[in-house]
Amino acid sequence: MRRVKRMLLPLCLLVLIHTSCSNERVVDQLHILTTLGFDKNKSGYTGTALYADLTQKGGKISLVQGKSNQIKLILNQMNNQSTKLIDIGKLKMIMFSKEVAQEGISHFLLTICKDPLISNYLFIAVTDESIASVSKGLKDKDRSSFPYYMIEQNMKTGNIPQSNLSTVLFDYYGEGRDFSVPYIHFNKNGETEIVGYGIFKDDRLKLFINSEEMILFKLLQGKFIQGDIPYTIRDEQGKRNALFSIQYGKGHQSVSKRKQETKVTYHLTLNGMVKEFPQGTQVEINESLVHLKKQLQTDLLKLLNKFKDEKVDPLGTGDLVRAHTRDWNEKQFYKEKYSNIKFDVDLNIQLTKSGIGE
């Protein structure tokens, strides 16, 4: 299976970076799809696509649908219903219903990444709701309501880990790692919320982590470290709540071996400010960081062991161990050794500026 994946990887990477200069397209003669989603139905899949109708003032959101058991035929059906040519070259986001994601999405990714105009910054997401019904709720709204705007903004500034088509393909085709994507929810107003992350094994959705675990996952990735972490302070008056706002940080992993034991340690340095510090508490700010450090270490180790217990590896532990092991075998590692990996967290928390904010 992995051998086949490695053979397909160069093809996907080549078509992702290839661009065409000779294919002229007139915007007024196209419906440029920006969001594409897939639900399961009795005979195959229902595909729903959203685009901005530029003939309407403000470019209101419009939709088109197709049904088939093959992705290309779904796109053909959409084109047959449209007065203008359907174009996926500017696709920004692909959504999968939970049911589709649990059955496997590799054939969707392979079909779509063959298009030379598809961007490797395309977002992929999973939702437990009907994409068809949610899309109807977005119809005729301003194009600023496209869900990928919210995902993009939160990945840059919030608690959301980085993920796009490029990272998904890298983790899927690479050895010793599993891919992960945002798990989204649409509220009653049709607005998008990221409620957690979906972790895949091979190409199937295996595990859901909630929003509290999601920020921990982002810390363990060790890249683009930002976000807000609530923590509990204990004094004579009981438990009080505070917030540590991470402004920047860095992280890396190390592997150590002793006899038959392999230990992976996550080294994290977090720089930030304490916000919403409880008034009247007898605990000083620097002392409160001891509470934060203990809480974070416990929560991070809990999440690492959860991944291990569920037999998923979104952090690439297998790939990390492979770099320190001769004759490493992926199948053998996850069958016999992954469950015996010991995790540790080396955490350093530092205050910036005055150390406290409003």
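The model is predicted, so local features need pLDDT of at least 70 and side-chain atom pairs count only at pLDDT 80 or more, while totals for chains, interfaces and linings use all residues. Residues are numbered from 1 along each chain as its sequence is written, and side-chain values use heavy atoms, with hydrogens and water left out.

Eight salt bridges are found in a search of the whole structure, a salt bridge being a side-chain nitrogen of Lys or Arg within 4 Å of a carboxyl oxygen of Asp or Glu. One of them joins D171 to R177, with the closest N and O atoms 3.1 Å apart. R177 also meets the side chain of D319 in a salt bridge of 2.9 Å, N to O. This pair links distant parts of the chain, 142 residues apart: D319 is in helix α10 (residues 317-322), and R177 is in the loop between α7 (165-173) and β7 (180-186). Helices (H or I, at least four residues) and strands (E, at least two) are DSSP runs, numbered from the N terminus. D171 is buried at 12% relative accessible area, R177 is buried at 15%, and D319 is buried at 18%; buried means under 20%, exposed over 50%, and partly exposed in between (1.4 Å probe, protein chains only).

A further salt bridge, of 2.9 Å from N to O, brings together the side chains of K306 and E213. K306 lies in helix α9 (residues 285-309) and E213 in helix α8 (residues 211-221), so this pair ties together parts that are 93 residues apart in sequence. K306 is partly exposed, at 26% relative accessible area, whereas E213 is buried, at 16%. Through shared partners, salt bridges join D171, R177, D319 and R322 into one network.

Turning to the strands, β8 (residues 192-201) and β9 (residues 204-210) pair in the antiparallel sense over six bridges; strands pair if DSSP finds at least two bridges between them. The bridge partner of G198 in β9 is F208. Two residues sit between the strands of this hairpin, where D202 takes a positive phi near 55°.

Elsewhere, T46 lies in strand β2 (residues 45-53) and counts as buried at 9% relative accessibility. Its side chain makes a polar contact of 2.9 Å with the side chain of N41. A polar contact is a pair of N or O atoms within 3.5 Å; within protein, one must be able to donate a hydrogen and the other to accept it, and residues adjacent in sequence count only if both atoms are side-chain atoms.
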